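Work through these exercises with the model open beside you. Try each task before reading its solution.

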Amino acid sequence: MRSIWNGAISFGLVSIPIKLVNATENHSISFRQIHTEDGGRIRYRKFCELEDREVGSQEIGKGYEDSDGTIIPITDEDLAGLPIPTAKTIEIVAFVPEDRIDPLQMDAAYYLQAGGAPAAKPYTLLREALKRSRKVAITKYALRGRERLGMLRVVGDAIAMHGLLWPDEVRAPEGVAPDADVTVRDKELDLADALMDTLGEVDLEDLHDEYREAVEEVVAAKAAGEAPKEAPAPESGGGKVLDLMAALENSVRAARESRGEDAEVKELPPRKTSRSSPKDTGGKKSTSTAKKKASSPRKSTSKTSQAEKKTTKSTAKKSAAKKAPAKKTTSRKRSA
C-alpha cells in the first residue's frame, strides 16, 4: 500500500518511525459531467483573474484571504515550518477506554506501518501495551494543512489510527427528536423486540452495495445497446402513517416467513427486562392481599354488630332471625 504521510509516533521518550496508509477505499461509481445535447465532456478550467488566462497546476499555490479581500500567499515551506510538535509526529497525549470515544467523532481510518527494521520493536511494544490495557491512545497529528485529533487501536497485528473530529465540530442534536409527548406501550415494545429477534444478527461480510450493482447493470445494458431493466413498482401505501401495532405484527410475520419460520404472531408474554416495572407486579400482589386483609375485619365487624343488635334491639333480633341460617352455617364450618 502506498503511504500518504511519513513521520513518527511519539510515545513518551520513545519515537517510532511509521508510514501512514489508507485503511479504506471507495468503491462507489463516479460520473462525468457531459453536455446533454451532444455528449461532450464538461471540464473546469482554472483561469488567473489578473492575466485572464488558463494556468497549470504547477503554477497554482495557496493564499489566505484577509477580511478586506487581500490575498496573503502561504507557501508549503511556511506550513512545514510551523512551530508545533505534530507537524511530522503523531503525538500520544492520553490513554482512555474505547467507550469514551463518541462514534460521531469518527472520521477517516488509516493503518500505521512500521518504518523499517528499527521500528519493529517499539511498534510491537506499543501494540502489545494497547492490547493488555484494553485502552486506545488519543493522539494529535498534522495532515493536509491542519492539526487533527486521532485514536490509535489494535487491528489484528497492526496499529490503526482513526481520525477524530474535534469535540466542537460535532453538532448537538437540537430539534431532532420529536417534540410531541409520545407514550410507547409495553405490547408495542414486545413486538419491536420480537421483530429484532426475528431479524437476528448478520455477518457484515455478507452485505454488499446493491445500488452500485444496479448502476453497473444499467451501464452494461446501455453500453450493449439494450434497454435497462425496469424498476419494480413501489408498494402501495408508501409514506402513509399505518397503525403501529399492525405494522409491527406484519413486519414480524414477513421476517419469519422470509426465514421459513412459523409466521403466526401469537400473544407475546411480557419480557423480564429492565423495562418491566417490578412495582406493577408487586403492587397487584399487595393490593389483592390488602383486599383479603381488609375483607376479614369487615366480616368480623359485621358479625359483632349483629351480635350487639341481637342483645340490645328487638328490631335487630328480627333482622338477625332472617339471616340465622347463614350464620349457623358459618359457625358450623368454623367448629368443624
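The exercises below move from the whole chain to single residues.

This is a predicted model, in which local features need pLDDT of at least 70, side-chain atom pairs count only at pLDDT 80 or more, and totals for chains, interfaces and linings use all residues. Residues are numbered from 1 along each chain as its sequence is written, and side-chain values use heavy atoms, with hydrogens and water left out.

**Exercise 1. The whole protein**

Task: State how many helices and strands the protein has, and what share of its residues is buried.

Solution. Start with the elements. Helices (H or I, at least four residues) and strands (E, at least two) are DSSP runs, numbered from the N terminus. The protein has 8 helices and 11 strands. Next, burial. Buried means under 20% relative accessible area, exposed over 50%, and partly exposed in between, with a 1.4 Å probe and protein chains only. Of the 336 residues, 18% count as buried. Last, contacts, meaning heavy atoms within 4.5 Å. Among contacts with a separation of 6 or more, 58% join residues 24 or more positions apart.

**Exercise 2. Helix α3**

Task: Check the span of α3 against its residue count, then list its buried residues.

Solution. The expected span is 1.5 Å times one less than the number of residues. Helix α3 (residues 186-199) has 14 residues, so it should span 20 Å. Its end C-alpha atoms are 20 Å apart, which agrees. Now the burial pattern. Glu188, Asp190, Leu191, Asp193, Ala194, Leu195 and Thr198 are buried in α3. An α-helix has 3.6 residues a turn, so residues three or four places apart point the same way. The cover over the buried residues of α3 includes α5 (244-258). After α3 comes Gly200, with a positive phi near 65°.

**Exercise 3. Pocket and cavity**

Solution. On a 1 Å grid over the protein atoms alone, a cavity is a set of points where a 1.4 Å probe fits but cannot get out; a pocket is an open set with protein on both sides within 12 Å along at least five of seven lines; lining residues have an atom within 4 Å of a point. Grid points are joined across faces, edges and corners, and a volume is the space filled by probe spheres set on the points.

Helix α1 (76-80), β9 and β10 (146-155) each give two or more lining residues. The largest share, 3 residues, comes from α1.

For the cavity, the count is 1 of 30 Å³ or more. Strands β8, β10 and β11 each supply at least two of the lining residues.

**Exercise 4. Loop residues**

Task: Decide whether Gln105, Asp52 and Arg134 are buried or exposed.

Solution. Gln105 lies in the loop between β7 and β8. Its relative accessibility is 14%, so Gln105 counts as buried. Its contacts beyond four places in sequence include Leu149, Trp166 and Val170.

Asp52 sits in the loop between β3 (47-48) and β4 (53-54). At 62% relative accessibility, Asp52 counts as exposed. Arg134, in the loop between α2 and β9, is exposed at 74%.

Now check phi. Most residues other than glycine have a negative phi. Asp52 has a positive phi near 55°, and Arg134 has a positive phi of about 55°.
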